[in-house]
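This report describes selected parts of one protein model. The sequence and structure come first.

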Amino acid sequence: MLKQFLLLQSLLFLFNVVIVGGRLIGGGFSAEENPFTPKASLVRYWNKEIRGESPRSEFLISKASPLNAVDSATFSKLASTNSLPTRLPDFCSAANLFCFPDLDASLEKHDDDVKFSVYDQKNFTNYGNARAGGADSFKNYSKDNNVVTDSFRRYSRNAAGHDDKFTVYGENSNVVEENFNSYGTSGTGGVGDFTNYQNNVNNPTSRFTAYSDGGNGRSQTFKTYTHEANAGNGQSFTSYGKNGNGAPNEFASYGVSSNVIGSGFMNYGENGNAANDSFTSYGSDGNVPQNNFKNYGSSGNAAVDTFANYRDKANVGDDSFSSYAKDSNSQKVNFVNYGQSFNPGSETFTGYGKGAEGNKISFKTYTPNSTFKDYSKNGVAFAKYNVSTTANSLGDGKTVNKWIEPGKFFRESALKEGTVIPMPNIKDKMPKRSFLPRSIISKLPFATSKLGEIKKIFHAGENSTMEGIITDAVTECERPPSVGETKRCVGSAEDMIDFATSVLGRSVVLRTTENVAGSKQKVVVGKVNGINGGKLTKAVSCHQSLYPYLLYYCHSVPKVRVYEADLLELNSKTKINHGIAICHMDTSSWGPTHGAFIALGSKPGQIEVCHWIFENDMNWAIAD
């Protein structure tokens, strides 16, 4: 008994903890907190690694893992034995991670017309199979959610005259993944209507596999689909309408005003008879849209495809047409106002119309940034083929692409008291997550060579949204640093502290912008303070990366100035925010197409570029 008491006393001394009134206190945490939690451990680590004169960052402490002492030990043991996948839902919930739920199959049947309103996170398997007539309506489905995943498998298969309507589906959600497998296969008649589908979504992904295959006269309409969405892994249409008969498909206002959206059409309409596909205002006004049409309409008969105002007024963008309408018969394709991009993009036609018979292909008002390889020249008409790009002259910095948000980049001279400036949207758009404790993260793989193991842990299937998220983050973290950059990706607060102190020393201050007030409106700059007297200094900036646990890309670049400034409401001049800004004084190694130079009208090395630290991002600097 005496030995156990002495051991406890030793542990309490080690953790700087004392017993007062029967309760444990000290070590930088309250009497109500368990001193053995990840949060308490982080507090002790800060106290040990950061010099006492530097104020402790409660902002960083708030990102600590919420795991209690028992769960932390349990999941750490599971990680060490590669057994975390067996407890992933529990792990994600307890540790506040971003994970897609594992949907259980739903074999429930609905013989009558059904309306699903304000509904989400569902697996519809064998739903509406062999239905005769009727209609199912999904309205406000999966709307305003953070993470959405739904699966429709063998939905409306072999049905006759069955209508499906998806209205305001997945709108205003953060990360959305929808899977439609064998949807409407071999159906006769009926309508599939997707309206306001995945609009204003941060990371949209939809997969239509074997969709309407073998269908007879079934109409599919996609209107305002992924409108004003951001950075989706893409929309995938595989074997869509294959072996179909007389099936009209309409894509109207698809991907309009979206940011970096990719779509893939693989074996779309293959072996179809009298198909009628219309792409109207597809990818218009978007930022870097990427679309891939492979084996589209291959071996089809008497199909009509129309691309009108396709990728019109978009910024850059790339399209690939591989084996399009190959070996088809009497196919008619119209490209009208195709690729009238704000900045020049590229189109590649490989094996387009090859081996086809009696086709008619028309290009009207088409851009010159195209490559035609193995392209069938018979029956092809080019009208008003542009000889110049529509890219605007941005040399004066006044005409700015809409995708460079006002205020995202600015000059150092704007940081003067009384200046009126536009504030970009600094709101954090990522799912809410927490760091993992070092005891767990040190046991998890994180390397491109270990992607298979990582995907297994987080239940990321092949070609899934989660697979793309994991691959993108790990690949970016392994990218070689740019000239003069020191970088590291960190998934624990302790690792972030280690990196910051290795660059700046142990006398450091962590800062972040106070809130998101003033976003997307004009504000007045109030009192400005230059960190380290406004002199050139070292700094470490940490930006979030999308990953299951809280992951930061931290880096230090030379020759920067860091400022903090009060931000005032435009009319009342009352303080609404306290912002942190960093100014890069040497931009000579930046690319000439960097958004800062497009916005400010300059070239690498000729100007300094400043930007705000966004919500939940951080800046470390040497203490004054």
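The model is predicted: local features need pLDDT of at least 70, side-chain atom pairs count only at pLDDT 80 or more, and totals for chains, interfaces and linings use all residues. Residues are numbered from 1 along each chain as its sequence is written, and side-chain values use heavy atoms, with hydrogens and water left out.

**The sheet**

Helices (H or I, at least four residues) and strands (E, at least two) are DSSP runs numbered from the N terminus. Two strands pair if DSSP finds at least two bridges between them. Five strands form an open sheet in the order 25-29-28-33-26, with antiparallel pairing. Strand 25 (486–490) and strand 26 (508–511) are the edge strands, each pairing on one side only. From one strand to the next, the twist averages 20 degrees.

Helix 9 (residues 493–504) packs on this sheet, touching strand 25, strand 26, strand 28, strand 29 (551–556) and strand 33; contact means heavy atoms within 4.5 Å. The direction of helix 9 makes about 165 degrees with that of strand 25. Axes are lines fitted to C-alpha atoms, for helices over the stretch in contact, and angles run from 0 to 180 degrees between N-to-C directions.

Strand 33 (residues 618–622) is joined to strand 28 (residues 539–545) by four bridges, in the antiparallel sense. Strand 33 also pairs antiparallel with strand 26, over four bridges. The table lists residues and their partners in strand 33.

| Residue | Partner in strand 33 |
|---|---|
| Ser541 | Asn619 |
| Arg511 | Asn619 |

Four of the five residues of strand 33 are buried, so this strand is largely enclosed by the rest of the structure. Buried means under 20% relative accessible area and exposed over 50%, with partly exposed in between (1.4 Å probe, protein chains only).

**Helix 4**

Helix 4 (residues 69–80) has twelve residues and spans 17 Å from its first C-alpha to its last, close to the 16 Å expected at 1.5 Å a residue. The expected span is 1.5 Å times one less than the number of residues. Ser72, Phe75, Ser76, Leu78 and Ala79 are the buried residues of helix 4. Viewed down the helix axis, they fall within an arc of 160 degrees and therefore line one face; the arc is that of the directions from the axis to the C-beta atoms. These buried residues pack against helix 2 (38–49), helix 5 (88–95) and helix 6 (438–441). Val70 and Lys77, on the other side of helix 4, are exposed.

Just after helix 4, Asn82 has a positive phi of about 55 degrees.
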